[in-house]
Amino acid sequence: MNKMELLLHGWDSCYEREDWYPPLKDALNGVTWEQANWRPRYGGRINTIGETVSHLVFYKERLHLRLIGEETEYPEGVTNDDTFGAPVADEESWKDLVNRLEKVHSAIRELLAGMDKKDFERRIPKNPIGLWVNSLILHDAYHTGQIIQLRKMQRTWPASRSFE
């Protein structure tokens, strides 16, 4: 397995193929708009599922734009906290956000699948593609765990699961 194949394995595992942890797509499966906006009443400022998905979309869109050469710099005036966005307005907005996540994840996967192992080291603009993608895989895994924890607190995550 070369470096690019390893990245593709991680990319698939973080979103739709179960490996050592549930993928993001499973963590979001069946989440309603109300659940996406739910926030525990304790523990200080905790991001909702919807805010976390907005954050994930923001960074995936940055990577996609860099891979296709349409962005080189982080958007001016945007902080990491800004990327979590506002609460999702309604069920349709929630579904649109989840669809946006899937669309950008798939678009990046398609681009990665068309690359060869030499592209792993290509810089966009300063960091190698391999580093960017690996960081987003870990980022997805981290936030998927947060989403699952929120769902457990809501009692909307299965008490037991099976996987292949």
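Axes here are lines fitted to C-alpha atoms, for helices over the stretch in contact, and angles run from 0 to 180 degrees between N-to-C directions. Helices (H or I, at least four residues) are DSSP runs, numbered from the N terminus.

This is a predicted model: local features need pLDDT of at least 70, side-chain atom pairs count only at pLDDT 80 or more, and totals for chains, interfaces and linings use all residues. Residues are numbered from 1 along each chain as its sequence is written, and side-chain values use heavy atoms, without hydrogens and water.

**Helix pair.** The axes of α4 (residues 49-67) and α6 (residues 129-154) come within 10 Å and cross at roughly 170°. The two helices are therefore roughly antiparallel (over 145 degrees). Their crossing is left-handed, meaning that the near helix is turned anticlockwise from the far one by less than a right angle. Among the residues in contact (heavy atoms within 4.5 Å) are Leu56, Tyr59 and Leu63 of α4, and Trp132, Leu136 and His139 of α6.

The largest pocket has a volume of about 190 Å³. A pocket is an open set of points on a 1 Å grid over the protein atoms alone, where a 1.4 Å probe fits, with protein on both sides within 12 Å along at least five of seven lines; lining residues have an atom within 4 Å of a point. The volume is the space filled by probe spheres set on the points. The lining includes Tyr15, Lys25, Trp94 and Glu102. Helices α2 (24-28) and α5 (91-113) each give two or more residues. The largest share, 6 residues, comes from α5.

Definitions and conventions. Parallel < 35°, antiparallel > 145°, perpendicular 65-115°, else oblique.
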